[in-house]
Amino acid sequence: AQDIPVQLLCVDNDSTDGTAEWFKEHRIWNYRASPQLGVSKGWNYGLRYFFETGADYVLVLNNDIIARPDAYRELLADGGPFVTCVGVNTLEESQQPFVKAVRPRPDFSFYLIRREVWEKVGEFDESMPLYVSDGDYHCRMHAAGIPAYTIGLPFYHVASGTLKNAQHKDHLAIQRQADDDRETFYRKW
């Protein structure tokens with residue numbers, strides 16, 4: 001629901017909540033991964049597809065956000081190589097008038113990445129499948145001299161919906177993987 005044209009590709013990471021059926025019913029272009037890929041591979045899949053088919057930039061949204069209609073346009077207008085919106089805790093906060101406020105801490109739940117970043121930095125590190133590959137990517141962009149920042153445009157971030165809705169055994173598995181991912185990040189940096 002953006003106010004400029006969007007070519008949408010949804011990466012369905014082995015959903016079990018009726019998402020696959022909803023995509024089919026509404027004829028939404030999607031890729032269904034089963035078993036699930038993890039966040040890093042999911043991002044890489046979508047980004048690779050668009051950059052290999054000629055896109056100059058890609059807007060990436062996680063599944064636990066609600067975007068305002070001007071978000072894509074505002075991120076493009078900024079012109080930065082890696083620009084993001086910023087998560088807020090309520091839908092009402094996300095609808096407040098936009099006042100640009102740049103800060104150097106990008107929010108990887110909702111970002112626009114340009115081809116030159118992808119070509120220089122590469123893919124997200126899939127050895128951290130669920131957590132902290134965003135922090136790793138930010139470190140790699142910084143090391144490459146690429147500015148990455150938020151412009152302060154709010155979006156409603158429902159936050160950690162997967163973890164909150166997971167069955168107990170899945171919740172524990174996600175927490176274990178998060179610990180492993182943090183350890184991988186720590187060893188790398």
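Figure 1. Helices (H or I, at least four residues) and strands (E, at least two) are DSSP runs numbered from the N terminus, and two strands count as paired if DSSP finds at least two bridges between them. The model is predicted: local features need pLDDT of at least 70, side-chain atom pairs count only at pLDDT 80 or more, and totals for chains, interfaces and linings use all residues. Residues are numbered from 1 along each chain as its sequence is written, and side-chain values use heavy atoms, with hydrogens and water left out.

Figure 2. Strand 3 and strand 6 (residues 110-114) run antiparallel and are joined by five bridges. Within this pair, Tyr57 stands opposite Arg114.

**Figure 3. Strand 5 and its two partners.** Of the seven residues of strand 5 (residues 82-88), six are buried (under 20% relative accessible area; exposed is over 50%, partly exposed in between; 1.4 Å probe, protein chains only). Three bridges pair strand 5 with strand 6 in the antiparallel sense, and Phe82 has Ile113 as its bridge partner there. With strand 7 (residues 148-157), strand 5 runs parallel over six bridges. Val86 stands opposite Pro154 of strand 7.

Figure 4. Ser109 sits in the loop between helix 4 (91-94) and strand 6. Its relative accessible area is 9%, so Ser109 is buried. Leaving aside neighbours within four places in sequence, Ser109 is in contact (heavy atoms within 4.5 Å) with Val60, Leu61, Asn62, Ile65, Phe155 and His157.

**Figure 5. The nonpolar cores.** A nonpolar core is a set of buried Ala, Val, Leu, Ile, Met, Phe, Trp, Tyr and Cys residues joined through side-chain atoms within 4.5 Å. The largest has 20 residues, and those with the most contacts inside it are Leu47, Val58, Phe108, Tyr111, Ile113, Tyr137 and Met141. At least two residues each come from helix 2, strand 3, strand 6, helix 5 (115-121) and helix 6 (133-143). Helix 2 gives the largest share, four residues. Another core, of 13 residues, lies apart from this one and includes Leu59, Ala71, Tyr72 and Ile151.

**Figure 6. The buried face of helix 3.** Ala71, Tyr72, Leu75 and Asp78 are buried in helix 3 (residues 71-78). Seen down the helix axis, the buried residues fall within an arc of 125°, so they line one face of helix 3; the arc is that of the directions from the helix axis to the C-beta atoms. These buried residues pack against strand 3, strand 5, strand 6 and strand 7. Gly79 follows helix 3 and has a positive phi, near 85°.

**Figure 7. Glu123 and its contacts.** Glu123 lies in the loop between helix 5 and helix 6 and is partly exposed, with a relative accessible area of 31%. Not counting residues up to four places away in sequence, Glu123 touches Asn44, Arg48, Trp118, Tyr137 and Arg140. The side chains of Glu123 and Arg48 are joined by a polar contact of 2.9 Å (a pair of N or O atoms within 3.5 Å; within protein, one must be able to donate a hydrogen and the other to accept it, and residues adjacent in sequence count only if both atoms are side-chain atoms).
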